[in-house]
Amino acid sequence: MLDRVQQLGASTLGFIQRFGHSGIFLFYSLWGIPNLKTGTALLIKQLYSVGVLSLVIIVVSGTFIGMVLGLQGYTILSDFGTENALGQLVALSLVRELAPVVTALLFAGRAGSALTAEIGLMKATEQLASMEMIGVDPLRRIIAPRLIAGFISMPILTAIFCATGVWGGYLVGVEWLGLYEGAFWANMQSSVSFEHDVLNGILKGFIFGIAITWIAVFQGYESEPTSEGISVATTKTVVYSSLTVLALDFILTAMMFGEF
Amino acid sequence: MTMKWIETLVGGLMIAGALALSMLAFKVSGIQLSSGDNYYHVTADFENVGSLQARSKVSLSGLVIGEVEKIEYVREDYTARVTLKIKSSYDNLPIDSTAAILTQGMLGDQYIGLSVGAEEESLVDGSVIEGTQSALVLEELIGAFLLSMTKE
(Lines give C-alpha, C1' and ligand atoms only; values in the text may rest on other atoms or scores of the structure.)
Protein backbone atom coordinates (compact mmCIF):
# COMPACT_ATOMS: atom_id res chain seq x y z
CA MET A 1 0.00 0.00 0.00
CA LEU A 2 2.67 2.48 1.04
CA ASP A 3 4.68 1.48 -2.04
CA ARG A 4 1.81 2.51 -4.29
CA VAL A 5 1.60 5.89 -2.59
CA GLN A 6 5.32 6.29 -2.97
CA GLN A 7 5.10 5.43 -6.68
CA LEU A 8 2.36 8.01 -7.15
CA GLY A 9 4.48 10.61 -5.39
CA ALA A 10 7.53 9.75 -7.47
CA SER A 11 5.65 10.02 -10.77
CA THR A 12 4.04 13.30 -9.72
CA LEU A 13 7.43 14.73 -8.81
CA GLY A 14 8.83 13.44 -12.10
CA PHE A 15 6.05 15.12 -14.03
CA ILE A 16 6.51 18.44 -12.27
CA GLN A 17 10.25 18.29 -12.76
CA ARG A 18 9.84 17.59 -16.48
CA PHE A 19 7.31 20.37 -16.80
CA GLY A 20 9.64 22.84 -15.12
CA HIS A 21 12.51 21.60 -17.28
CA SER A 22 10.47 22.26 -20.43
CA GLY A 23 9.60 25.73 -19.13
CA ILE A 24 13.29 26.55 -18.63
CA PHE A 25 13.96 25.13 -22.09
CA LEU A 26 11.33 27.45 -23.62
CA PHE A 27 12.70 30.42 -21.69
CA TYR A 28 16.33 29.90 -22.80
CA SER A 29 15.26 29.40 -26.41
CA LEU A 30 13.32 32.64 -26.66
CA TRP A 31 15.26 34.83 -24.21
CA GLY A 32 17.58 37.51 -25.46
CA ILE A 33 17.94 39.79 -28.48
CA PRO A 34 17.66 37.89 -31.76
CA ASN A 35 20.22 38.39 -34.48
CA LEU A 36 18.00 39.94 -37.13
CA LYS A 37 20.29 39.19 -40.06
CA THR A 38 20.75 35.45 -39.69
CA GLY A 39 17.59 35.02 -37.63
CA THR A 40 15.23 36.19 -40.37
CA ALA A 41 16.69 33.80 -42.94
CA LEU A 42 16.38 30.86 -40.51
CA LEU A 43 12.82 31.90 -39.60
CA ILE A 44 11.71 32.12 -43.23
CA LYS A 45 13.06 28.63 -43.91
CA GLN A 46 11.06 27.30 -40.94
CA LEU A 47 7.93 29.25 -41.90
CA TYR A 48 8.16 27.47 -45.24
CA SER A 49 8.45 23.96 -43.81
CA VAL A 50 5.98 24.52 -40.95
CA GLY A 51 3.45 26.85 -42.55
CA VAL A 52 3.53 26.68 -46.35
CA LEU A 53 3.81 22.89 -46.49
CA SER A 54 0.80 22.53 -44.13
CA LEU A 55 -1.31 24.76 -46.36
CA VAL A 56 -2.59 22.07 -48.71
CA ILE A 57 -3.96 19.79 -45.99
CA ILE A 58 -5.55 22.78 -44.22
CA VAL A 59 -7.27 24.10 -47.35
CA VAL A 60 -8.55 20.68 -48.43
CA SER A 61 -9.89 19.67 -45.01
CA GLY A 62 -11.35 23.15 -44.44
CA THR A 63 -13.32 22.99 -47.67
CA PHE A 64 -14.62 19.50 -47.02
CA ILE A 65 -15.58 20.18 -43.39
CA GLY A 66 -17.44 23.29 -44.51
CA MET A 67 -19.23 21.29 -47.19
CA VAL A 68 -20.22 18.53 -44.75
CA LEU A 69 -21.49 21.14 -42.25
CA GLY A 70 -23.53 22.73 -45.02
CA LEU A 71 -25.07 19.43 -46.07
CA GLN A 72 -25.81 18.12 -42.57
CA GLY A 73 -27.01 21.49 -41.34
CA TYR A 74 -29.34 21.84 -44.29
CA THR A 75 -30.93 18.42 -43.69
CA ILE A 76 -31.62 19.20 -40.04
CA LEU A 77 -32.62 22.86 -40.43
CA SER A 78 -35.02 22.15 -43.31
CA ASP A 79 -37.03 19.90 -40.94
CA PHE A 80 -37.91 23.07 -39.02
CA GLY A 81 -38.22 25.28 -42.06
CA THR A 82 -35.27 27.42 -40.97
CA GLU A 83 -32.75 26.56 -43.66
CA ASN A 84 -31.94 30.26 -44.00
CA ALA A 85 -30.03 29.99 -40.73
CA LEU A 86 -27.50 27.72 -42.47
CA GLY A 87 -24.96 30.51 -42.92
CA GLN A 88 -25.08 31.26 -39.22
CA LEU A 89 -24.67 27.59 -38.28
CA VAL A 90 -21.72 26.99 -40.60
CA ALA A 91 -19.91 30.21 -39.70
CA LEU A 92 -20.37 30.08 -35.93
CA SER A 93 -19.40 26.43 -35.54
CA LEU A 94 -16.35 26.91 -37.75
CA VAL A 95 -15.13 30.18 -36.30
CA ARG A 96 -15.59 29.28 -32.66
CA GLU A 97 -14.67 25.61 -32.45
CA LEU A 98 -13.95 23.57 -35.55
CA ALA A 99 -11.38 25.76 -37.24
CA PRO A 100 -8.99 26.17 -34.30
CA VAL A 101 -9.32 22.57 -33.07
CA VAL A 102 -9.15 20.75 -36.39
CA THR A 103 -6.33 23.00 -37.62
CA ALA A 104 -4.44 22.27 -34.41
CA LEU A 105 -4.91 18.50 -34.72
CA LEU A 106 -3.80 18.54 -38.37
CA PHE A 107 -0.91 20.83 -37.49
CA ALA A 108 0.22 18.45 -34.72
CA GLY A 109 0.18 15.55 -37.16
CA ARG A 110 1.69 17.36 -40.13
CA ALA A 111 4.17 19.83 -38.65
CA GLY A 112 4.62 18.80 -35.00
CA SER A 113 5.72 15.25 -35.77
CA ALA A 114 8.12 16.51 -38.46
CA LEU A 115 9.71 18.95 -35.99
CA THR A 116 10.20 16.22 -33.39
CA ALA A 117 11.67 13.76 -35.87
CA GLU A 118 14.03 16.35 -37.36
CA ILE A 119 15.39 17.54 -34.03
CA GLY A 120 15.53 13.99 -32.66
CA LEU A 121 17.63 12.88 -35.62
CA MET A 122 19.92 15.89 -35.21
CA LYS A 123 20.42 14.81 -31.63
CA ALA A 124 20.98 11.14 -32.51
CA THR A 125 23.59 12.02 -35.13
CA GLU A 126 25.25 14.37 -32.62
CA GLN A 127 24.78 17.47 -34.76
CA LEU A 128 23.53 19.37 -31.73
CA ALA A 129 26.52 18.32 -29.64
CA SER A 130 28.98 19.38 -32.33
CA MET A 131 27.26 22.73 -32.66
CA GLU A 132 27.80 23.34 -28.96
CA MET A 133 31.42 22.29 -29.46
CA ILE A 134 32.06 25.06 -32.01
CA GLY A 135 30.31 27.58 -29.76
CA VAL A 136 26.90 27.85 -31.45
CA ASP A 137 23.97 27.59 -29.09
CA PRO A 138 21.59 24.99 -30.59
CA LEU A 139 18.69 26.43 -28.58
CA ARG A 140 19.09 29.74 -30.38
CA ARG A 141 20.06 28.42 -33.80
CA ILE A 142 17.81 25.34 -34.14
CA ILE A 143 15.00 25.58 -31.58
CA ALA A 144 14.07 29.27 -31.52
CA PRO A 145 13.28 29.70 -35.25
CA ARG A 146 11.11 26.59 -35.20
CA LEU A 147 9.19 27.77 -32.13
CA ILE A 148 8.54 31.22 -33.57
CA ALA A 149 7.56 29.78 -36.96
CA GLY A 150 4.98 27.60 -35.21
CA PHE A 151 3.63 30.56 -33.21
CA ILE A 152 3.21 32.61 -36.40
CA SER A 153 1.83 29.88 -38.65
CA MET A 154 -0.98 28.51 -36.48
CA PRO A 155 -3.19 31.63 -36.32
CA ILE A 156 -2.70 32.21 -40.06
CA LEU A 157 -3.63 28.61 -40.84
CA THR A 158 -6.68 28.90 -38.55
CA ALA A 159 -7.91 31.97 -40.43
CA ILE A 160 -7.38 30.22 -43.77
CA PHE A 161 -9.23 27.11 -42.52
CA CYS A 162 -12.17 29.29 -41.43
CA ALA A 163 -12.36 31.14 -44.72
CA THR A 164 -12.22 28.01 -46.87
CA GLY A 165 -14.73 26.27 -44.59
CA VAL A 166 -17.25 29.09 -44.96
CA TRP A 167 -16.65 28.97 -48.71
CA GLY A 168 -17.32 25.20 -48.67
CA GLY A 169 -20.57 25.76 -46.79
CA TYR A 170 -21.52 28.42 -49.33
CA LEU A 171 -20.80 26.04 -52.21
CA VAL A 172 -23.11 23.36 -50.84
CA GLY A 173 -25.83 25.59 -49.40
CA VAL A 174 -26.17 28.24 -52.08
CA GLU A 175 -24.68 26.80 -55.25
CA TRP A 176 -25.89 23.24 -54.88
CA LEU A 177 -28.97 23.19 -52.62
CA GLY A 178 -30.25 26.53 -53.90
CA LEU A 179 -30.58 28.63 -50.72
CA TYR A 180 -31.13 32.33 -51.24
CA GLU A 181 -27.67 33.89 -51.26
CA GLY A 182 -28.66 37.15 -49.55
CA ALA A 183 -30.20 35.37 -46.58
CA PHE A 184 -27.16 33.11 -46.24
CA TRP A 185 -24.73 36.02 -45.83
CA ALA A 186 -27.10 38.36 -43.97
CA ASN A 187 -27.91 35.79 -41.28
CA MET A 188 -24.22 35.02 -40.91
CA GLN A 189 -23.24 38.66 -40.59
CA SER A 190 -25.93 39.45 -38.04
CA SER A 191 -24.84 36.65 -35.70
CA VAL A 192 -21.04 36.53 -36.03
CA SER A 193 -19.22 39.33 -34.23
CA PHE A 194 -15.68 40.18 -35.29
CA GLU A 195 -14.23 40.89 -31.84
CA HIS A 196 -16.09 38.22 -29.94
CA ASP A 197 -16.10 35.30 -32.37
CA VAL A 198 -13.48 35.74 -35.09
CA LEU A 199 -10.68 37.21 -32.98
CA ASN A 200 -11.31 34.76 -30.12
CA GLY A 201 -11.18 31.86 -32.59
CA ILE A 202 -7.86 33.05 -33.97
CA LEU A 203 -6.55 33.64 -30.44
CA LYS A 204 -7.43 30.02 -29.72
CA GLY A 205 -5.41 29.00 -32.78
CA PHE A 206 -2.44 31.03 -31.50
CA ILE A 207 -2.57 29.40 -28.05
CA PHE A 208 -2.82 25.93 -29.59
CA GLY A 209 0.15 26.83 -31.79
CA ILE A 210 2.25 27.67 -28.73
CA ALA A 211 1.27 24.41 -27.02
CA ILE A 212 1.93 22.19 -30.05
CA THR A 213 5.28 23.63 -31.12
CA TRP A 214 6.50 23.72 -27.54
CA ILE A 215 5.62 20.05 -27.03
CA ALA A 216 7.02 19.01 -30.43
CA VAL A 217 10.34 20.79 -30.07
CA PHE A 218 10.83 19.73 -26.46
CA GLN A 219 10.09 16.07 -27.22
CA GLY A 220 12.59 16.13 -30.08
CA TYR A 221 15.27 17.80 -27.99
CA GLU A 222 14.82 15.40 -25.08
CA SER A 223 14.39 12.21 -27.13
CA GLU A 224 16.59 9.14 -26.62
CA PRO A 225 19.32 9.38 -29.26
CA THR A 226 18.37 6.07 -30.92
CA SER A 227 16.07 5.22 -33.81
CA GLU A 228 13.57 3.75 -31.34
CA GLY A 229 13.81 6.87 -29.18
CA ILE A 230 12.92 9.09 -32.14
CA SER A 231 9.86 6.99 -32.95
CA VAL A 232 8.70 7.10 -29.32
CA ALA A 233 9.21 10.87 -29.20
CA THR A 234 7.26 11.40 -32.43
CA THR A 235 4.35 9.34 -31.14
CA LYS A 236 4.42 11.23 -27.85
CA THR A 237 4.32 14.56 -29.69
CA VAL A 238 1.17 13.68 -31.59
CA VAL A 239 -0.60 12.11 -28.59
CA TYR A 240 0.35 14.77 -26.05
CA SER A 241 -0.37 17.71 -28.31
CA SER A 242 -3.75 16.34 -29.42
CA LEU A 243 -4.81 15.76 -25.82
CA THR A 244 -3.48 19.16 -24.74
CA VAL A 245 -5.37 20.87 -27.57
CA LEU A 246 -8.67 19.20 -26.69
CA ALA A 247 -8.34 19.92 -22.97
CA LEU A 248 -7.19 23.52 -23.56
CA ASP A 249 -10.10 24.00 -25.94
CA PHE A 250 -12.59 23.23 -23.20
CA ILE A 251 -10.95 25.68 -20.83
CA LEU A 252 -10.67 28.41 -23.47
CA THR A 253 -14.26 27.94 -24.61
CA ALA A 254 -15.48 28.21 -21.01
CA MET A 255 -13.45 31.41 -20.58
CA MET A 256 -14.35 33.03 -23.92
CA PHE A 257 -17.92 31.98 -24.62
CA GLY A 258 -19.20 30.64 -21.29
CA GLU A 259 -21.78 32.82 -19.61
CA PHE A 260 -21.03 32.88 -15.94
CA MET B 1 14.59 24.78 -53.83
CA THR B 2 16.32 28.13 -53.84
CA MET B 3 15.95 30.68 -51.06
CA LYS B 4 14.12 33.01 -53.45
CA TRP B 5 11.37 30.48 -54.05
CA ILE B 6 10.99 29.77 -50.34
CA GLU B 7 10.73 33.47 -49.56
CA THR B 8 8.12 33.93 -52.28
CA LEU B 9 6.01 31.05 -50.96
CA VAL B 10 6.21 32.34 -47.38
CA GLY B 11 5.11 35.74 -48.67
CA GLY B 12 2.22 33.96 -50.38
CA LEU B 13 1.25 32.35 -47.06
CA MET B 14 1.19 35.75 -45.38
CA ILE B 15 -0.99 37.20 -48.15
CA ALA B 16 -3.33 34.19 -47.98
CA GLY B 17 -3.62 34.71 -44.22
CA ALA B 18 -4.41 38.40 -44.64
CA LEU B 19 -6.99 37.64 -47.33
CA ALA B 20 -8.63 34.99 -45.12
CA LEU B 21 -8.77 37.39 -42.18
CA SER B 22 -10.30 40.17 -44.28
CA MET B 23 -12.87 37.74 -45.68
CA LEU B 24 -13.75 36.72 -42.11
CA ALA B 25 -14.02 40.37 -41.12
CA PHE B 26 -16.07 41.76 -43.99
CA LYS B 27 -17.95 38.82 -45.49
CA VAL B 28 -18.56 36.62 -42.43
CA SER B 29 -18.89 39.03 -39.52
CA GLY B 30 -20.01 42.04 -41.58
CA ILE B 31 -17.85 44.47 -39.67
CA GLN B 32 -18.63 48.15 -40.22
CA LEU B 33 -15.62 50.34 -40.84
CA SER B 34 -17.54 53.52 -40.04
CA SER B 35 -16.93 53.12 -36.33
CA GLY B 36 -16.90 56.93 -36.09
CA ASP B 37 -20.62 56.72 -35.27
CA ASN B 38 -21.61 58.97 -32.40
CA TYR B 39 -24.23 57.89 -29.92
CA TYR B 40 -26.36 59.55 -27.27
CA HIS B 41 -27.69 57.77 -24.22
CA VAL B 42 -31.19 57.63 -22.84
CA THR B 43 -32.56 55.49 -20.01
CA ALA B 44 -35.87 53.72 -19.48
CA ASP B 45 -37.19 51.85 -16.43
CA PHE B 46 -38.98 48.53 -16.99
CA GLU B 47 -40.82 46.36 -14.51
CA ASN B 48 -39.64 43.24 -16.31
CA VAL B 49 -36.94 43.08 -18.97
CA GLY B 50 -37.47 39.40 -19.81
CA SER B 51 -34.39 38.03 -21.57
CA LEU B 52 -33.18 41.39 -22.84
CA GLN B 53 -29.43 41.74 -22.55
CA ALA B 54 -26.62 44.15 -23.35
CA ARG B 55 -26.11 44.57 -27.13
CA SER B 56 -29.78 43.81 -27.88
CA LYS B 57 -31.13 45.91 -30.73
CA VAL B 58 -33.11 49.12 -30.43
CA SER B 59 -35.42 49.55 -33.37
CA LEU B 60 -37.66 52.26 -34.79
CA SER B 61 -40.11 51.39 -37.56
CA GLY B 62 -38.17 48.17 -38.13
CA LEU B 63 -34.78 49.84 -38.56
CA VAL B 64 -31.95 49.30 -36.10
CA ILE B 65 -31.07 52.69 -34.64
CA GLY B 66 -28.98 51.66 -31.64
CA GLU B 67 -28.39 49.05 -28.98
CA VAL B 68 -28.82 48.32 -25.28
CA GLU B 69 -25.71 49.40 -23.43
CA LYS B 70 -26.37 48.09 -19.94
CA ILE B 71 -29.14 46.90 -17.67
CA GLU B 72 -28.98 47.62 -13.96
CA TYR B 73 -31.21 47.19 -10.94
CA VAL B 74 -32.88 50.22 -9.36
CA ARG B 75 -32.97 49.61 -5.63
CA GLU B 76 -35.65 52.14 -4.70
CA ASP B 77 -38.48 50.97 -6.92
CA TYR B 78 -37.49 47.38 -7.69
CA THR B 79 -37.29 47.95 -11.42
CA ALA B 80 -34.65 47.43 -14.08
CA ARG B 81 -33.04 50.51 -15.63
CA VAL B 82 -32.02 49.99 -19.25
CA THR B 83 -29.51 52.38 -20.81
CA LEU B 84 -29.93 52.68 -24.58
CA LYS B 85 -27.39 54.16 -26.94
CA ILE B 86 -28.93 55.61 -30.06
CA LYS B 87 -27.04 56.83 -33.13
CA SER B 88 -26.84 60.62 -33.11
CA SER B 89 -28.24 60.80 -36.63
CA TYR B 90 -31.60 59.88 -35.07
CA ASP B 91 -31.79 63.01 -32.93
CA ASN B 92 -35.37 64.09 -33.65
CA LEU B 93 -37.24 61.53 -31.54
CA PRO B 94 -39.99 63.28 -29.53
CA ILE B 95 -39.46 63.29 -25.76
CA ASP B 96 -42.72 61.44 -25.10
CA SER B 97 -41.75 58.45 -27.29
CA THR B 98 -42.45 55.09 -25.65
CA ALA B 99 -40.29 51.98 -25.43
CA ALA B 100 -41.58 48.40 -25.47
CA ILE B 101 -39.74 45.10 -25.14
CA LEU B 102 -40.75 42.97 -28.12
CA THR B 103 -39.79 39.54 -29.42
CA GLN B 104 -38.44 38.80 -32.88
CA GLY B 105 -40.68 36.10 -34.31
CA MET B 106 -41.95 33.27 -32.12
CA LEU B 107 -38.70 32.19 -30.50
CA GLY B 108 -36.39 35.03 -31.47
CA ASP B 109 -34.30 37.44 -29.43
CA GLN B 110 -35.93 40.26 -27.49
CA TYR B 111 -35.35 43.85 -28.58
CA ILE B 112 -36.59 47.32 -27.74
CA GLY B 113 -39.08 48.89 -30.10
CA LEU B 114 -39.55 52.65 -29.90
CA SER B 115 -42.87 54.28 -30.81
CA VAL B 116 -42.76 57.92 -31.77
CA GLY B 117 -44.63 60.42 -29.60
CA ALA B 118 -46.11 63.81 -30.42
CA GLU B 119 -44.12 66.43 -28.43
CA GLU B 120 -42.01 69.07 -30.17
CA GLU B 121 -39.07 68.60 -27.81
CA SER B 122 -36.59 65.80 -28.71
CA LEU B 123 -34.75 63.19 -26.67
CA VAL B 124 -31.21 64.28 -25.84
CA ASP B 125 -28.28 62.68 -24.01
CA GLY B 126 -29.45 61.72 -20.51
CA SER B 127 -33.18 61.88 -21.20
CA VAL B 128 -35.51 59.38 -19.58
CA ILE B 129 -38.18 57.55 -21.56
CA GLU B 130 -41.27 57.62 -19.32
CA GLY B 131 -43.71 55.36 -21.15
CA THR B 132 -42.46 51.77 -21.10
CA GLN B 133 -44.04 48.40 -21.72
CA SER B 134 -42.45 45.35 -20.08
CA ALA B 135 -41.53 42.09 -21.72
CA LEU B 136 -44.35 39.65 -22.26
CA VAL B 137 -44.04 36.61 -20.00
CA LEU B 138 -45.82 33.65 -21.51
CA GLU B 139 -46.80 32.11 -18.16
CA GLU B 140 -48.49 35.33 -16.98
CA LEU B 141 -50.33 35.56 -20.28
CA ILE B 142 -51.63 32.00 -19.98
CA GLY B 143 -52.53 32.62 -16.33
CA ALA B 144 -54.58 35.69 -17.25
CA PHE B 145 -56.25 33.80 -20.07
CA LEU B 146 -57.22 30.89 -17.81
CA LEU B 147 -58.54 33.31 -15.18
CA SER B 148 -60.77 35.02 -17.73
CA MET B 149 -62.00 31.60 -18.90
CA THR B 150 -63.09 30.55 -15.41
CA LYS B 151 -64.90 33.83 -14.78
CA GLU B 152 -67.34 33.29 -17.63
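This is a predicted model: local features need pLDDT of at least 70, side-chain atom pairs count only at pLDDT 80 or more; totals for chains, interfaces and linings use all residues.
I begin with chain A as a whole. It contains 9 helices and 0 strands. The C-alpha trace of chain A spans about 70 × 60 × 35 Å along its principal axes. Of the 260 residues in chain A, 45% are buried. If we take the contacts in chain A between residues at least 6 apart in sequence, 85% of them join residues at least 24 apart. The accessible surface of chain A is about 13,200 Å², and carbon and sulfur atoms account for 69% of that area. As to charge, chain A carries 12 positive and 17 negative side chains, with the centres of the two sets 13 Å apart.

Let me turn to one helix of chain A, α7, which runs over residues 181-191. Its buried residues are Ala183(A), Phe184(A), Trp185(A) and Met188(A). What do the buried residues of α7(A) pack against? Within chain A they meet α4 (86-124) and α6 (138-176), and from chain B they meet α1 (3-28).

I now come to the salt bridges. The search over all chains finds 6 of them in the whole structure. In one, Arg96(A) pairs with Asp197(A), and the closest N and O atoms are 2.8 Å apart. Arg96(A) belongs to helix α4 and Asp197(A) to helix α8 of chain A, so this pair ties together parts that are 101 residues apart in sequence.

Elsewhere in chain A, a network of salt bridges links Glu97(A), Lys204(A) and Asp249(A).

In chain B, Arg81(B) forms a salt bridge with Asp45(B), again with closest N and O atoms 2.9 Å apart. The pair connects strand β4 with strand β1 of chain B, 36 residues apart.

Finally, the surface of chain B bears a negative patch made of Asp96(B), Glu119(B), Glu120(B) and Glu121(B). Asp96(B) sits in the loop between β4 (79-87) and β5 (98-103), and its relative accessibility of 34% makes it partly exposed.

Terms used:
Residues are numbered from 1 along each chain as its sequence is written. Chains are lettered from A and ligands numbered from 1 in the order in which they are written. Side-chain values use heavy atoms; hydrogens and water are left out. Patches are made of residues with over 30% relative accessible area and no salt bridge: like charges are joined within 9 Å, nonpolar side chains (Val, Leu, Ile, Met, Phe, Trp, Tyr) within 5 Å. Accessible areas come from the Shrake-Rupley method with a 1.4 Å probe; for residues, only the protein chains shown count as cover. A salt bridge is a side-chain nitrogen of Lys or Arg within 4 Å of a carboxyl oxygen of Asp or Glu. Lys and Arg count as positive and Asp and Glu as negative; His and the chain ends are not counted. The place of a charge is taken as NZ of Lys, CZ of Arg, CG of Asp or CD of Glu. Helices (H or I, at least four residues) and strands (E, at least two) are DSSP runs, numbered from the N terminus. Buried means under 20% relative accessible area, exposed over 50%, partly exposed in between (1.4 Å probe, protein chains only). Contact means heavy atoms within 4.5 Å.
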